[in-house]
Amino acid sequence: VPEAGGPVDRFESLGDAAQAVQGCTRCPLYQNATQAVFGVGPSDASVMMVGEQPGDSEDIAGQPFVGPAGQVFDAALGEVGIDRAKLFITNAVKHFKFVPRGKRRIHQTPKPGEVNACRFWLDQEIALVRPKVIVAMGATAARSLLGPGATIAKMRGAPIPIEDGTIVFVTIHPSYLLRLPDREKAALERDRFVRDLAMIRDHV
Ligand code: URA
């Protein structure tokens with residue numbers, strides 16, 4: 001398997017890339033995380049879902065979207081009737097960024113430089129899976145895929161073609177729904193998230 005950061009800029013398989021990302025030192029985030037969390041799903045998936053970064057549970061499990069945000073995500077997929085197993089699920093950043101607070105590890109938003117460094121790995125995933133549709137969940141994923149000016153408010157809900165004809169849809173990050181204190185607002189935002197996911201159902 002080629003070394004991360006070595007002369008190879010394309011891996012031959014997702015398995016090779018997933019192994020190599022464990023040795024990644026492209027940004028400092030590898031220093032405190034338990035492990036890198038690479039994408040999971042079929043190598044021929046038509047739809048790729050991109051979140052921000054692994055959370056506390058994902059950092060421990062080594063799998064994306066298995067914690068609280070993953071439960072919100074799974075419930076929304078279930079409501080729309082999308083089979084999670086058919087999706088390729090990954091994150092813009094592969095290592096968990098956090099600050100310790102007592103026994104807890106508090107999520108921190110990755111910096112643009114960290115997101116850019118990790119684009120290398122997202123590019124590997126995109127090149128190997130060649131999805132037709134990529135869903136950017138949240139601002140970090142949207143900025144990684146569409147540039148620093150990307151915003152959810154401006155870009156949500158309409159397909160955005162990128163380089164190779166791939167289409168990007170922007171929506172909220174499921175953890176946003178967990179942070180809304182107002183129940184009515186949370187219900188409205190959840191409905192909107194479900195409607196966004198319904199737009200990609202026919203591409204899966
Ligand atoms: N939040 C993310 O953005 N990704 C995960 O994998 C889990 C939580």
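This is a predicted model: local features need pLDDT of at least 70, side-chain atom pairs count only at pLDDT 80 or more; totals for chains, interfaces and linings use all residues.
Of the 14 residues around the ligand, which come nearest?

Figure 1. Gly 51, Glu 52, Gly 55, Pro 64 and Ala 69 come nearest, out of 14 residues around the ligand. Sorted by class, this shell holds 8 polar residues, 4 nonpolar ones and 2 charged ones. One of the nearest residues, Gly 51, also falls within the range of strand β1 (47–51).

**Figure 2. The whole chain, for orientation.** Before we zoom in further, here is the overall picture. The protein chain has 8 helices and 7 strands. Its C-alpha trace spans about 50 × 45 × 30 Å along the principal axes. A compact globule of 204 residues would have a radius of gyration near 17 Å, and the 16 Å of the protein chain agrees with that. Buried residues account for 39% of the 204 residues. If we take the contacts between residues at least 6 apart in sequence, 68% of them join residues at least 24 apart.

Figure 3. An unreviewed UniProt entry carries the annotation "domain: Uracil-DNA glycosylase-like" for residues 38–193. Over that stretch the chain is 42% helix and 19% strand.

**Figure 4. The largest nonpolar core.** This core has 49 residues. Which of them touch the most other members? They are Val 21, Met 48, Met 49, Val 50, Val 135 and Ala 136. Helix α4 (residues 112–129) gives the most to this core, contributing 6 residues.

**Figure 5. Helix α5 and its neighbours.** Helix α5 (residues 139–146) is largely enclosed by the rest of the structure, because 6 of its 8 residues are buried. Those buried residues are Ala 139, Thr 140, Ala 141, Ala 142, Ser 144 and Leu 145. What do they pack against? Their partners are the strands β1 (47–51), β5 (133–137) and β7 (167–171), together with the helices α4 and α6 (152–155). Just after α5, look for Gly 147, which takes a positive phi of about 105 degrees.

Figure 6. Phe 65 has a positive phi of about 50 degrees and is found in the loop between α2 (56–61) and α3 (68–80). Is Phe 65 buried or exposed? Phe 65 is buried, since 28 other C-beta atoms lie within 10 Å. Arg 130 also has a positive phi of about 50 degrees, and its place is the loop between α4 and β5. With 14 C-beta neighbours inside 10 Å, Arg 130 counts as partly exposed.

**Figure 7. The loop between α6 and β6.** Two residues of this loop are picked out here, and we begin with Arg 156. Arg 156 sits in the loop between α6 and β6 (160–161) and is partly exposed, with 15 other C-beta atoms within 10 Å. Not counting residues up to four places away in sequence, Arg 156 touches Val 170, Thr 171 and Asp 196. Gly 23 is 133 residues from Arg 156 along the chain, and their C-alpha atoms are separated by 35 Å. Pro 159 is found in the loop between α6 and β6 as well; Pro 159 is partly exposed, with 13 other C-beta atoms within 10 Å. Leaving aside residues up to four places away in sequence, Pro 159 touches Ile 167 and Phe 169.

**Figure 8. Leu 180, between α7 and α8.** Where is Leu 180 found? Leu 180 is in the loop between α7 (174–179) and α8 (183–200). Leu 180 counts as partly exposed, with 14 C-beta neighbours inside 10 Å. Lys 185, Ala 186 and Glu 189 are the residues Leu 180 touches, not counting those up to four places away in sequence. The C-alpha atoms of Leu 180 and Val 72 are separated by 13 Å, although the two residues are 108 residues apart along the chain.

Key. Residues are numbered from 1 along each chain as its sequence is written. UniProt positions are given in the numbering used here, feature names are shortened, and annotations may be inferred rather than shown by experiment. Helices (H or I, at least four residues) and strands (E, at least two) are DSSP runs, numbered from the N terminus. A residue is near a molecule or strand if its C-beta atom, placed from the backbone, lies within 6 Å of it. Ala, Val, Leu, Ile, Met, Phe, Trp, Tyr, Cys and Pro count as nonpolar, Asp, Glu, Lys and Arg as charged, and the others, Gly among them, as polar. A nonpolar core is a set of buried Ala, Val, Leu, Ile, Met, Phe, Trp, Tyr and Cys residues joined through C-beta atoms within 7 Å. A residue is buried if 20 or more other C-beta atoms lie within 10 Å of its own, exposed if 12 or fewer, and partly exposed in between; C-beta atoms are placed from the backbone. Two residues are in contact if their C-beta atoms, placed from the backbone, lie within 7 Å. The radius of gyration is taken over C-alpha atoms; the globule rule is 2.2 Å times the number of residues to the power 0.38.
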